[in-house]
Amino acid sequence: MRLSQMLFNTLRDDPAEAEIPSHKLLVRAGYIRRIGSGLYAYLPLMWRVLQKVSQIVREEMNATGAQECLLPQLQPSDLWQESGRWETYTKAEGIMFALQDRQKRELGLGPTHEEVITTIARDMIRSYRQLPVHLYQIQTKFRDEIRPRFGLMRGREFIMKDGYSFHTNRDSLKQTYQDMDRAYRNMLRRCSLKFQPVQADSGAIGGGVSQEFMVLAEAGEDEVLYTEDSQYAANVEKAVSLPAEVQPSPFTEYKKVETPNTNTIATLCEALGCDATNTVKNVLYQAVYDNGMTVLVLVNIRGDQDVNEVKLSNELTALAPEYGAKAVLALTVPDPEAQSKWAAKPLPLGYIDPGLGDEYITQQENLAPKFLRLVDKTAVELKNFATGANETGYHVIGANWGDQFVLPDRIVDVRTAKAGDLAVHDPTQILQTARGIEVGHIFQLGTKYSQAMNATFTSEQGEELPCYMGCYGVGVSRLAQAAVEQSYDKNGIIWPVAIAPYTVIICVPNITDSQQMEVAEKLYQDLQEAGIEVLLDDRNERAGVKFKDADLIGIPYRLVTGRAIKSGKVECVERATLASEEVAIDDLVSVLQERIQTALNA
């Protein structure tokens with residue numbers, strides 16, 4: 001491709017809306033253009049990158065025996081109501097774009113396709129002889145993000161590979177899950193990315209087992225906790241660890257003490273001269289279920305720990321049937337305005353005790369009349385602890401479960417693991433932290449969707465059984481930007497060879513020099529004939545502008561038909577290292593072929 005004929009222009013300054021390096025560089029280098037909030041046009045250079053990523057994904061999926069298809073982006077609401085996720089996706093998480101057609105039928109723009117694929121399985125799969133089967137697609141998805149940000153990282157429209165498998169039993173599902181684990185690792189290796197597979201929370205997708213694939217980068221939105229022995233890695237939402245040892249309590253008797261201006265654990269410990277492990281904090285949440293029921297939740301947890309709201313939400317989802325519901329629509333710490341709608345009297349915030357009375361709740365429709373009381377494991381064994389006195393400006397010390405306070409029946413693990421904690425699998429290992437960009441996620445869904453939507457098969461014994469399902473996603477457009485976030489320098493993008501839009505760019509310092517243009521044209525033809533993707537920068541621009549643009553757009557190899565051509569050579573610059581050398585024109589094709597192959601095999 002001749003650069004003079006391409007829709008291409010670069011920017012000198014960072015775009016105002018861009019926050020992270022990869023977003024800034026992709027806009028500046030002319031790869032993407034913002035059309036609206038969370039909406040980007042993929043310009044010619046970016047589209048070539050996305051095609052290459054898609055092809056790597058496609059090849060690895062096909063190698064496992066998965067079959068490619070294409071599913072509708074518009075999805076009827078009744079399918080999502082069958083699975084029980086319509087309310088969750090349109091109200092709780094609120095990420096589905098919902099609309100009505102002219103017949104007043106409700107539709108959604110697909111953020112994911114479990115319901116559609118399960119409907120196909122229900123209609124087409126009859127016998128165990130048809131299983132297992134694995135279908136996938138590469139397609140645009142839509143999600144109404146609350147705060148679109150970071151360019152293609154968190155947009156409202158993006159390209160994704162999503163795959164779904166159906167099985168007769170859990171062992172068959174596990175086999176495909178393992179196949180996908182290998183396939184995803186292969187995809188990321190082929191894209192030359194540094195990554196970390198981690199245990200993950202399944203979220204609204206569901207299923208008991210899931211794993212994320214994180215591209216390691218400082219701008220990653222996710223925190224990954226891992227051990228140096230490589231035996232454990234998990235998203236912080238899912239991670240478990242051993243909490244710090246409890247320090248001896250300095251309190252020997254129970255009493256109420258005045259503690260003004262101590263509505264945080266830090267100020268309380270300073271005032272009382274104790275360690276945070278000697279305290280119990282009591283955190284109030286407000287949960288709204290999908291049937292409209294509001295439940296007030298009181299969580300008791302050791303003072304040095306924080307509540308992991310993802311874990312808490314999972315616990316509340318498991319308890320949903322007790323309130324006649326299926327899912328949690330919203331989970332918040334109620335602010336004064338929210339409290340005013342249900343509190344019978346003002347709450348002593350910052351000084352609540354573990355036995356906060358149910359009389360604080362007014363009796364009204366769709367409001368549970370009693371607090372749901374949960375105690376984290378870290379608080380269960382505490383002795384002689386300090387906690388709120390249920391009166392502003394006062395705490396109690398020397399308190400014990402079974403004496404001053406009733407230990408809640410529901411003991412849970414809702415603490416947030418953090419860097420520095422000891423690992424559960426080996427207490428000599430200390431959890432380390434890193435930032436990651438989630439580019440892939442695989443799930444063992446089990447029978448969640450097949451049971452809800454009646455996708456069954458007839459077994460060898462003649463029984464009608466629900467299919468076991470798996471779900472496997474790769475963010476194609478996100479992966480492409482993650483590659484930039486992981487590999488750039490002050491001059492611009494550094495594309496891995498495997499997914500670069502072009503492998504070589506030929507820069508002609510002076511297009512009015514007939515010898516420079518003649519050599520450039522010959523190289524352009526020879527490289528194309530050798531199957532090497534090449535750009536020819538034949539623009540009427542200064543040499544410095546061309547070199548800066550070549551570095552900015554990140555093409556792996558730059559050839560310069562400058563002064564060296566007089567001795568039968570051209571300058572060859574490797575973008576990744578900026579190493580420069582002069583190579584004989586006659587040897588150039590074979591030299592580049594060897595280097596490209598080495599890079600692809602690395």
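## Residue S450

S450 is found in helix 11, which spans residues 448-453; helices here are DSSP runs of H or I with at least four residues, strands are DSSP runs of E with at least two, and both are numbered from the N terminus. The model is a predicted one, in which local features need pLDDT of at least 70 and side-chain atom pairs count only at pLDDT 80 or more, while totals for chains, interfaces and linings use all residues. Residues are numbered from 1 along each chain as its sequence is written, and side-chain values use heavy atoms, with hydrogens and water left out.

The relative accessible area of S450 is 1%, so the residue is buried. The term buried means under 20% relative accessible area, exposed means over 50%, and partly exposed lies in between, with a 1.4 Å probe and protein chains only. Apart from neighbours within four places in sequence, S450 is in contact with T118, A455, P466, C467 and M469, where contact means heavy atoms within 4.5 Å. Y468 is 18 residues from S450 in sequence, and the C-alpha to C-alpha distance between S450 and Y468 is 7.3 Å.

## Domains

The domain assignment divides the protein into domain 1 (15-194 + 447-484), domain 2 (255-416) and domain 3 (502-601). Such bounds come from an automatic or database domain assignment. Between the C-alpha centres of domain 1 and domain 2 the distance is 38 Å.

Contact between domain 1 and domain 2 involves 5 residues of domain 1 and 4 residues of domain 2. About 350 Å² is buried between domain 1 and domain 2, and carbon and sulfur atoms give 61% of this area. Buried area is the accessible area (1.4 Å probe) that two parts lose on being put together, summed over both. On the side of domain 1 that touches domain 2 there are 1 nonpolar, 1 polar and 3 charged residues. In this classing, Ala, Val, Leu, Ile, Met, Phe, Trp, Tyr, Cys and Pro are nonpolar, Asp, Glu, Lys and Arg are charged, and the others, Gly among them, are polar. The count of salt bridges between domain 1 and domain 2 is 0.

## Salt bridges

A salt bridge is a side-chain nitrogen of Lys or Arg within 4 Å of a carboxyl oxygen of Asp or Glu. By this rule the model has 33 salt bridges. One of them joins the side chains of E19 and R147, at 3.5 Å from N to O. E19 lies in the segment before helix 1 (21-28) and R147 in the loop between strand 7 (133-142) and strand 8 (157-167), so this pair ties together parts 128 residues apart in sequence. E19 is partly exposed at 39% relative accessible area, and R147 is partly exposed at 48%.

R154 forms a salt bridge with E145, with the closest N and O atoms 3.3 Å apart. R154 also forms a salt bridge with E221, with the closest N and O atoms 2.9 Å apart. E145 is buried at 18% relative accessibility, whereas R154 is partly exposed at 24% and E221 is partly exposed at 32%. A network of salt bridges links E19, E145, R147, R149, R154 and E221.
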